[in-house]
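Here is a walk through one protein chain and its ligand. Keep the model open and follow along.

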Amino acid sequence: MPSMHRSGSRPQLDLSKAAIQGNFEVKNPTILLPNQSDDISHLALDIGGSLIKLVYFSRHEDQSIDDKRKKTIKERLGISNGNRRSYPILGGRLHFVKFETTKISECLDFIHSKQLHRGGIHATGGGAYKFADLFKERLGVSLDKEDEMDCLVAGANFLLKAIRHEAFTHMEGQKEFVQIDTNDLFPYLLVNIGSGVSMIKVDGDGKFERVSGTNVGGGTYWGLGRLLTKCKSFDELLELSQRGDNRDHRHIGLSASTIASSFGKTISDKKELADYRPEDISLSLLRMISYNIGQISYLNALRFGLKRIFFGGFFIRGHAYTMDTISFAVQFWSKGEAQAMFLRHEGFLGALGAFMSYEKHGLDDLMVHQLVERFPMGAPYTGGRIHGPPLGDLNEKISWMEKFVLKGTEITAPVPMAPSGTTGLGGFEVPLSKGSTLRSDASALNVGVLHLVPTLEVFPLLADPKMYEPNTIDLADRSELEYWFTVLSEHLPDLVDKAVASEGGTDDAKRRGDAFARAFSAHLARLMEEPAAYGKLGLANLLELREECLREFQFLDAYRSIKQRENEASLAVLPDLLVELDSMSKETRLLMLIEGVLAANIFDWGSRACVDLYHKGTIIEIYRMSRNKMQRPWRVDDFDAFKERMLGSGDNKPRPHKRALLFVDNSGADVVLGMLPLARELLRRGTEVVLVANSLPALNDITAMELPDIVAEAAKHCDILRRAAEAGGLLVDAMINTLDGSKENSPSVPLMVVENGCGSPCIDLRQVSSELAAAAKNADLIILEGMGRALHTNFNARFKCEALKLAMVKNQRLAEKLIKGNIYDCVCRYEPAR
Ligand SMILES: CC(C)(COP(=O)(O)O)[C@@H](O)C(=O)NCCC(=O)O
Ligand SMILES: [Mn+2]
């Protein structure tokens, strides 16, 4: 696959000591490469008193297969490598891992096993000095020490600029992501709560001043807590607090009497230490310290007129009560003027900053659209705890999933991890999840792996990229979340069958299929418990998660054979359809074409209702039935406006579009009998056509790799398509015989294919392939087709050029909600240029 960086990177392999693992009978046994490591560029550490935080980067090889077809298209679109960076960042992944400092030995093993130290180690935090000799002794490297404040600020600035859903508010148990305008980020107050607390006024990159601090911080909580409760670890103490007297949890105990004096009541109570429950002591301590930090932070914000305060550091650990308390203090004393915000990567500021101090790694100016966060599955996690060392490979991952059946234990929550053999959580234990008001602190661990894809771009035709929100359905709405959770859960057994069959139905495929189902269910369960666990959640994210999860268990194209069958059946009837269309008047033909697109969008293997239909007839029968049902007016029907734009009225003969981008959807009838004939009509009018298709498979969607063969096959029966495909560089192989002997040799406008940069049934136009972005530059018409691309996402998107959104609604609930209609109703929405 050309320049597809999202998944399945293939670093160079070290094959020494390679061994086949497990059963030799299976078709695709797992091969262990004990000496293999990704091509690591950099490792940075933040060695704190209680935790060691690691940030490391694994680089992707550039996988561009510069095939001839692709080259011609690039030439046509006028893309060279001109918009590429000159330094060698070809994409890769940024991993976040942590170890308890007491388990530094495990950390060193981890670094050694992955050979992460080969390019040197940048380190910050007190431990960078304390453990320098140990690193030298065990790994033979000297730590490059970085200033702690520099690192914190660099880390925070990077996160706030580069990650879309990094900052959030947390009030009364509600988490809400805040969209930070990167042009309006400074100044802000950064409060880092580690053992002690630093307060830093940040005015820009590298421009900051430590303005205050307090020595009453995480260390105080842990120290006093240990003395008073006999807890053995920070997390145990934190966990204990969750069982503290929660009479006033909901309001953080901030009635004046409660906060007037922390521990003040013990004077009058005349009780001994033993008379108090350790749970209550822990909670009171946590409240006292969090509240105090919130208050001092506010006073400092006031001193410098700062409105925004970002809190980071591992004291917080995503702990709902801590965040609520801090937020309350800030809100209360500032009378709502200042805002407390938290960071998803709270614990990694220092390590990230140390990482940024590597010069010329080219990551410092990565932009938000070039980062894709993924949440792979895989750490052994049950009963609220991560057990043992991180899982090494796919086989281990599968075995772990299987254990859940044997034990009859449920996976309470998935733990996002890096793909096979790249990272782990180092046996870091999470406090028990309690649900209800005090939510699981496992959320603190939910930072994914950041895939850096420097070739991604913002789609240039978005009218207002800052305001653009891809999702139409917001899953913050509980009833929506529950509905889609059920839909996806119910669809799962069928999907697993398809996936397993696509891999030959072998025992290995069955094992993977089973593990996939468990992993995906666990992700769903986790999101039901905490919808914002992985950042802001929309329906598109959920649908993409499913595809990513399939890929994680190496199901690369579950609908492969279905797609092939439907392509063949549709291509067989295409010639007759084209003849029929050509016999019509322009007006009737245009209507037939649009109707054809809508009717053929019924071939959607992601819709339960449609899949049920497919048992009732052949592809062609269903296609005919669907066409016959197409009665105008459609539920959303702007056809007349579109027709007028295309054909004009009276003497008005409008100019044809210069270039149209057709975002295609499903394989088979959808693309062959729906979108291709429409493309042909545009080409006939002299409009260049770019077919935009998925980079990776998702359900039965056609991919950019599959499309040229389909076009070539269709071109055998159609001169217009053939000449356009030739002009677009799509037909590079031995020339195809034409029906008419091709007497006509006038030049044609080109038909091209570009990949969209994604592998999901939906599309987020903030992150598209550079090819698509380049192709968009001369386009004056966008046609978005299908439920995923035109309804679930982009239904409300506005464009700088004309847009046509075409879809059949194949879900009753969505039909009611979105268009006040019914299942199988159609949408033909035409929007003039903005
Ligand atoms: C996954 C889909 C968005 C794909 O639709 P498409 O874009 O192919 O038109 C759609 O099938 C869907 O929303 N399905 C789930 C709902 C259901 O089964 O009714
Ligand atoms: Mn589709």
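**Domains and confidence**

The centres of domain 2 and domain 3, taken over C-alpha atoms, are separated by 54 Å. The bounds of these domains come from an automatic or database domain assignment. Domain 1 covers 1–163 + 348–392 + 413–455, domain 2 covers 167–343, and domain 3 covers 576–831.

This is a predicted model: local features need pLDDT of at least 70, side-chain atom pairs count only at pLDDT 80 or more, and totals for chains, interfaces and linings use all residues. Residues are numbered from 1 along each chain as its sequence is written, while chains are lettered from A and ligands numbered from 1 in the order in which they are written.

How confident is the predictor? pLDDT is its confidence in each residue, from 0 to 100. The protein chain has a mean pLDDT of 83, and 79% of its residues reach 70 or more. A contact here means that the C-beta atoms of two residues, placed from the backbone, lie within 7 Å. Residues 407–445 are also below 50, and this stretch has 133 contacts beyond near neighbours in sequence. For the complex, the predictor gives an ipTM of 0.99 and a pTM of 0.85.

Now turn to a helix pair. Helices (H or I, at least four residues) and strands (E, at least two) are DSSP runs, numbered from the N terminus. Helix H14 (residues 478–502) and helix H15 (residues 507–529) have axes that come within 9 Å and cross at roughly 175°. H14 is therefore roughly antiparallel to H15. Axes are lines fitted to C-alpha atoms, for helices over the stretch in contact, and angles run from 0 to 180 degrees between N-to-C directions. Angles under 35 degrees count as roughly parallel, over 145 as roughly antiparallel, 65 to 115 as roughly perpendicular and the rest as oblique. H14 contributes residues including Leu481, Phe485 and Leu492, and H15 contributes residues including Phe516, Phe520 and Leu524. By class, this contact has 13 nonpolar, 3 polar and 1 charged residues. Ala, Val, Leu, Ile, Met, Phe, Trp, Tyr, Cys and Pro count as nonpolar, Asp, Glu, Lys and Arg as charged, and the others, Gly among them, as polar.

Next, the ligand. Of the 20 residues around ligand 1, Gly606, Gly786, Met787, Gly788 and Asn811 come nearest. A residue is near if its C-beta atom, placed from the backbone, lies within 6 Å. Helix H19 (608–614) and helix H26 (787–792) each supply at least two shell residues. H26 gives the most, with 4 residues. The shell has 7 nonpolar, 8 polar and 5 charged residues.

Finally, the backbone. A cis peptide bond joins Phe186 and Pro187, with omega about -5°. Pro187 lies in the loop between strand E9 (174–177) and strand E10 (188–193).

How values were computed
pLDDT = per-residue confidence, 0-100.
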